[in-house]
Amino acid sequence: MATSIFGSGIRRREDPRLITGAATYTDDLSLPDMVHAAMLRSPHAHARITRIDTSRAKKAPGVVAVFAGAEIDALQAMPCAWLLPNSNLKVATYRCGACDVVRYVGDIVGVVVAETPYQAQDALELVDVDYEPLPVVTDPVSANKPGAPQLHPDVPNNEAFHWTVGGGDIDAAFKNAELVVKERIVQQRLIPNAMEPRAALAQWKGASGELTLWNTTQNPHILRFLCSVVTGVSEDKLRVIAPEVGGGFGSKIAAYPADFITVFCARKLNRPVKWTESRRENYQATTHGRDHVQEIELAAKKDGTILGLRATVWAGMGAYLSTAAPGIPTILHGLMLSGVYKLPALKEDVHGVYTNTTPVEAYRGAGRPEATFMIERMMDKLAAELKMDPAELRLKNMIPRFENGHSVVTGLSYDSGDYPAGLKKLLAHVKYQELRKEQADARKKGRYLGIGLATYVEICGLGPSQVAGAIGFQGGLWESAIVRFHPTGKVHVFIGASPHGQGEETTFAQIVASEIGVDVGDVKVFHGDTDVTPMGWGTYGSRTTAVGGAALVFATRKVKEKAKIIAAHLLEAAVEDIEYGDGKFAVKGSPDKAKTIQEIALMAHVAWNMPKDVEAGLEASMFYDPPNFTFPYGSHLAVVEVDTETGQVDLKRYVALDDCGPQINPVIVEGQVHGGVVQGVGQALWEEAVYDENGQLLTGSMVDYALPRADLLPNIEVLSTVTPSPHHPLGLKGIGEAGTIASTAAVYNAVLDAVAPLGVKTLQMPMTPERVWRAMQQAQGRA
Amino acid sequence: MYAPEFDYYRAKSIAEAGELLKKYPGAKLLAGGHSLIPLLKLRLASPPALVDIGRIGELKGLAVKDGKVRIGALTTHAELASSTELRAQCPALAEAASHVGDPAVRNRGTIGGNVAHADPASDLPTVLTALGARFESIGPGGKKTITADQFFQGMMATALGEHDVLTDIEVAAQAAGQGGSYVKFVHPASRYAVIGVAAIVTAVAGNCTSAVIALGGLVPRPVRASSVEKAIIGQTLTPDTIASAAGRVSADLGDEVLGDIFASAEYRRTVAPVWVKRALTKAAERAMSQAAAV
């Protein structure tokens with residue numbers, strides 16, 4: 001082909017329907033006889049329920065039913081699906097509806113079902129609940145201390161787990177250290193803010209005992225299984241559909257009590273029931289991210305060689321363990337702590353702690369931003385201590401280029417990488433030395449510019465199922481694809497993964513088109529319906545392309561093998577003599593003797609003249625379990641200016657260099673980097689979920705919780721290098737989370753670099769004007 | 001987010017709006033809906049009835065006559081921000097209107113609804129205070145004119161009576177040698193003013209002959225920075241005289257400085273002079289270039 005469809009920045013086919021409002025989300029659906037549910041949620045962060053009286057609500061106009069307490073207890077408890085081994089994990093009972101004690105503001109106490117959503121909302125105010133307040137604890141360090149308010153009777157010190165990771169001789173590292181730098185970092189709690197709030201629509205067909213659940217999920221097959229466990233509807237009679245899903249960022253991985261209560265109501269009432277959360281409810285009850293307090297020490301030699309890293313982390317888990325929560329601050333975090341560096345020794349202790357807050361789950365990057373921030377913050381701190389350039393220190397300690405496996409201190413084997421090449425390309429692009437000179441000149445004029453670097457490597461493409469089992473993940477981590485040709489040569493692709501904004505309807509069509517010579521417009525990708533698509537484990541952890549994409553490649557290649565056999569038969573040649581090129585299956589040496597895939601598809605379907613023992617039709621499926629994770633990486637650089645009069649930070653420039661292997665569609669890659677970077681910048685500068693001492697969420701809406709805005713951001717410059725993964729058929733690694741993983745640290749390092757000449761040694765995120773201003777005042781001895 | 005139940009009436013004229021307000025006690029006027037509807041959806045307000053005045057033609061549009069700018073209460077922020085007449089005659093107001101919310105809010109939200117809501121962090125009350133605006137309304141006692149220093153009475157409170165309909169807002173057009181500005185420390189989430197400063201300065205041969213400065217955002221209702229005004233009037237407008245005058249603003253803030261989890265009262269009080277300085281500098285530059293042009 002003259003221009004390859006693989007690597008072409010064609011437009012996303014998803015966009016016209018999304019941009020014009022033609023997409024169908026769960027809340028857009030309406031069924032005959034449908035009623036509306038509203039969840040009654042606890043206004044207390046910790047309290048004993050002493051009385052519930054639903055009688056007034058039951059009499060309210062339009063109300064169909066009210067269920068509370070024991071009435072919804074027919075549902076099984078919420079399962080935790082990541083049972084961390086060797087961690088003394090204590091999964092506290094997580095009821096769909098709290099019967100005795102509520103443990104965070106937003107814990108469900110009951111449900112009202114009415115003819116209209118307005119009536120359901122009105123009737124909520126008529127349910128009388130008496131609460132006896134209990135003591136509240138919201139931060140993980142306090143909650144982990146003896147004598148702290150106890151959330152669950154069988155979990156001393158609220159410790160959900162204590163997990164450790166280590167390698168090398170950590171004691172020797174610190175004994176031999178010529179200097180040790182220490183830091184305490186708070187990775188504040190964040191609210192994922194998917195554009196579409198969560199919603200569920202449940203339809204019970206009493207006659208056949210079948211249930212359909214439309215839901216805002218990133219992983220419909222996992223939800224089908226969990227729904228079966230909690231509601232008792234058997235898996236074969238349960239259909240889960242993820243219609244258009246408006247982003248998730250990890251918050252739509254988990255299964256939620258509200259979804260199962262909606263199912264419960266539909267069964268009880270034998271009417272379709274829809275529930276859609278409000279934005280305020282989304283803030284209170286849809287999972288949050290991060291919430292780490294980290295104490296870190298880095299041992300080094302005076303020449304900058306790093307020797308060992310020791311850390312203790314308190315990870316706030318919220319009131320209950322969400323579906324995949326235990327794996328986030330542990331497996332996806334601690335195992336990546338050595339980053340891109342030759343770190344000989346490591347020890348990290350992670351305490352997962354229950355607090356009277358919304359449960360925490362994966363949030364874009366999920367554990368890896370928290371790890372990257374730690375090591376990248378410490379590298380800058382060490383550089384400052386040694387008066388060494390931070391870029392030079394990083395280059396000195398980086399793992400050199402490797403193509404097929406490199407074992408690190410945590411026991412992982414990275415797939416491939418050339419970390420120094422990426423950083424050097426970034427530095428050359430920004431003319432780093434000139435940039436530093438510009439910074440020095442500006443300082444002479446009283447302007448405080450800061451330059452911040454962050455390098456990262458992430459673990460993506462989750463992952464080999466055997467490893468999933470070993471690390472306690474209660475499922476597999478393979479992916480699946482079916483490639484089905486129709487008689488006219490058009491193709492339907494069915495995948496187990498469930499994209500919700502990432503663009504795989506486009507990129508997966510590009511994969512098929514590039515593998516087998518059909519027009520990209522002739523390939524349609526289906527996903528998100530358990531009755532239509534093959535089993536898959538879902539879209540998260542930048543795994544859809546890395547794992548699902550590989551499954552698709554192999555399924556397409558199976559079709560190609562069959563096509564070759566049919567072509568050989570039709571062309572009266574030996575199969576070994578057929579070669580594929582440019583969309584045609586031709587006899588070697590006789591390019592005129594050829595069949596297109598479209599001709600073969602037609603012949604395979606009419607089946608007038610099939611080779612002996614070859615089935616009619618043209619389709620193949622593949623269940624692909626990867627041999628290892630993938631490890632995308634990169635280096636990012638931020639330039640900021642701090643207004644020393646007010647403490648305001650202006651992000652002036654942002655350059656991202658990422659290596660996700662070959663790019664199917666560079667425009668989509670760029671979009672993923674932009675979105676990811678922006679979310680990471682949000683953590684550095686604006687976003688924080690704040691609870692008061694009573695466990696009330698003070699940042700309860702978009703009026704108080706500051707999301708990134710376009711006018712506060714520069715154009716993001718996107719660069720790349722290409723280092724294929726040795727174990728993916730196309731070398732692909734994944735790009736969904738990269739931006740978020742690097743950008744928080746890059747921006748933090750830049751702001752601190754700007755104000756370091758004023759004596760500021762540390763800053764607290766988000767770096768709001770007041771916080772930066774106070775840090776400057778304090779450093780200058782004025783506070 | 002579902003509002004509680006309410007009755008809805010649409011008024012065809014100002015007189016009918018007044019009658020409906022009388023007929024349905026507790027009813028609220030609905031104009032652009034960008035303050036009221038969010039309150040309803042959050043269930044922070046539950047009026048029994050809304051009287052929609054949004055389609056009353058006589059309440060719309062702005063006109064300049066005899067050195068006065070008359071603005072109908074239903075004029076949207078977008079209309080104010082994009083009006084070339086207003087930009088020429090009253091640049092501080094056009095500038096403030098361009099800072100309100102986001103494009104969607106500016107396209108629907110109205111000046112009348114904004115000032116009647118009297119959110120302390122809103123932009124227009126501050127600039128209208130600096131401009132000495134006159135607020136005209138019609139109520140049971142007939143027509144009424146209220147000046148800005150009387151109109152804004154406190155947090156979410158105005159001098160409008162329960163059955164009054166705000167009809168017009170009048171401000172003086174810019175005089176020769178006058179320059180106006182509005183600068184804003186924007187709250188990154190709400191887009192409201194953490195600190196908003198409006199300044200109207202007259203310069204003759206580089207000297208400040210008059211200055212009006214108003215602050216909003218950090219106080220329950222807009223306040224005049226009279227200490228700053230006194231300090232700058234009669235001075236040559238230089239960076240030093242401006243900075244020194246701006247430094248006096250703490251005396252004008254009173255005891256009730258607002259704070260929140262984003263910016264404490266102490267911080268706002270301490271950095272207020274910086275924002276006053278910036279507003280004054282901008283207004284002075286404009287005044288001097290105006291004077292040069294005349």
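## Helix spans and what follows the helices

The expected span of a helix is taken as 1.5 Å times one less than its number of residues. In this predicted model, helix 13 of chain A, residues 432-444, has 13 residues and should therefore span 18 Å, and the 19 Å between its end C-alpha atoms agrees with that expectation. Beyond helix 13 of chain A comes A:Gly446, which has a positive phi near 85 degrees.

Helix 10 of chain A, residues 368-386, can be treated likewise: its 19 residues should span 27 Å, and its end C-alpha atoms are 27 Å apart, which agrees. A residue counts as buried if 20 or more other C-beta atoms lie within 10 Å of its own, and 16 of the 19 residues of helix 10 of chain A are buried, so this helix is largely enclosed by the rest of the structure. Just after helix 10 of chain A, the residue A:Lys387 adopts a positive phi of about 55 degrees.

## The mixed sheet of chain A

Chain A holds an open sheet of 7 strands in the order 3-5-1-12-9-10-11, and the pairing in this sheet is mixed. Its edges are formed by strand 3 (63-68) and strand 11 (238-241) of chain A, each of which pairs on one side only, and the twist from one strand to the next averages 20 degrees. Within the sheet, strand 9 (residues 199-205) and strand 12 (residues 273-276) of chain A run antiparallel and are joined by 4 bridges; in this part of the sheet A:Leu201 stands opposite A:Lys274 of strand 12 of chain A.

Two helices lie across strands of this chain. Helix 3 of chain A, residues 117-124, lies across strand 1 (35-41), strand 3 and strand 5 (108-114) of chain A, and runs at about 25 degrees to strand 1 of chain A. Helix 7 of chain A, residues 257-269, lies across strands 1, 3, 5, 9, 10 (210-215) and 12 of chain A, and its direction is at about 30 degrees to strand 9 of chain A.

## Packing of helices 15 and 16 in chain A

Two packed helices are described by the angle between their axes and the distance between the axes. For helix 15 (residues 504-516) and helix 16 (residues 544-570) of chain A, the angle is about 35 degrees and the axes are 10 Å apart, and helix 15 of chain A passes helix 16 of chain A in a right-handed crossing. The residues that make the contact include A:Phe508, A:Ile511 and A:Val512 of helix 15 of chain A, together with A:Gly549, A:Leu552 and A:Val553 of helix 16 of chain A. By class, the residues of this contact divide into 7 nonpolar, 5 polar and 4 charged.

## Strands of chain B

Chain B has an open sheet of 3 strands with the order 1-3-2 and parallel pairing. Strand 1 (7-10) and strand 2 (28-30) of chain B stand at the edges with a single partner strand each, so one side of each has no neighbour in the sheet; the twist averages 30 degrees from one strand to the next.

Strand 4 (residues 62-65) and strand 5 (residues 68-72) of chain B pair in the antiparallel sense over 4 bridges, and B:Arg70 of strand 5 of chain B is the bridge partner of B:Ala63.

## Backbone exceptions in loops

A:Asp33, with a phi of about 75 degrees, is placed in the loop between helix 1 (15-19) and strand 1 of chain A, and counts as exposed because it has 9 C-beta neighbours inside 10 Å. B:Asp66 has a positive phi near 50 degrees, lies in the loop between strand 4 and strand 5 of chain B, and counts as exposed because it has 6 C-beta neighbours inside 10 Å.

Cis peptide bonds are found in chain A as well. One joins A:Leu462 and A:Gly463, with omega of about -25 degrees, and A:Gly463 lies in the loop between strand 18 (448-457) and helix 14 (465-470) of chain A. Another joins A:Met765 and A:Pro766, with omega of about -10 degrees, and A:Pro766 belongs to the loop between helix 19 (738-755) and helix 20 (769-779) of chain A.

## Contact between the chains

The contact between the chains takes 22 residues from chain A and 13 residues from chain B. On the side of chain B that touches chain A there are 11 nonpolar and 2 polar residues, and no charged residues.

Terms used: Residues are numbered from 1 along each chain as its sequence is written. Chains are lettered from A and ligands numbered from 1 in the order in which they are written. This is a predicted model: local features need pLDDT of at least 70, side-chain atom pairs count only at pLDDT 80 or more; totals for chains, interfaces and linings use all residues. Two residues are in contact if their C-beta atoms, placed from the backbone, lie within 7 Å. Ala, Val, Leu, Ile, Met, Phe, Trp, Tyr, Cys and Pro count as nonpolar, Asp, Glu, Lys and Arg as charged, and the others, Gly among them, as polar. Two strands pair if DSSP finds at least two bridges between them. Axes are lines fitted to C-alpha atoms, for helices over the stretch in contact, and angles run from 0 to 180 degrees between N-to-C directions. A residue is buried if 20 or more other C-beta atoms lie within 10 Å of its own, exposed if 12 or fewer, and partly exposed in between; C-beta atoms are placed from the backbone. A crossing is left-handed if the near helix is turned anticlockwise from the far one by less than a right angle, and right-handed if clockwise.
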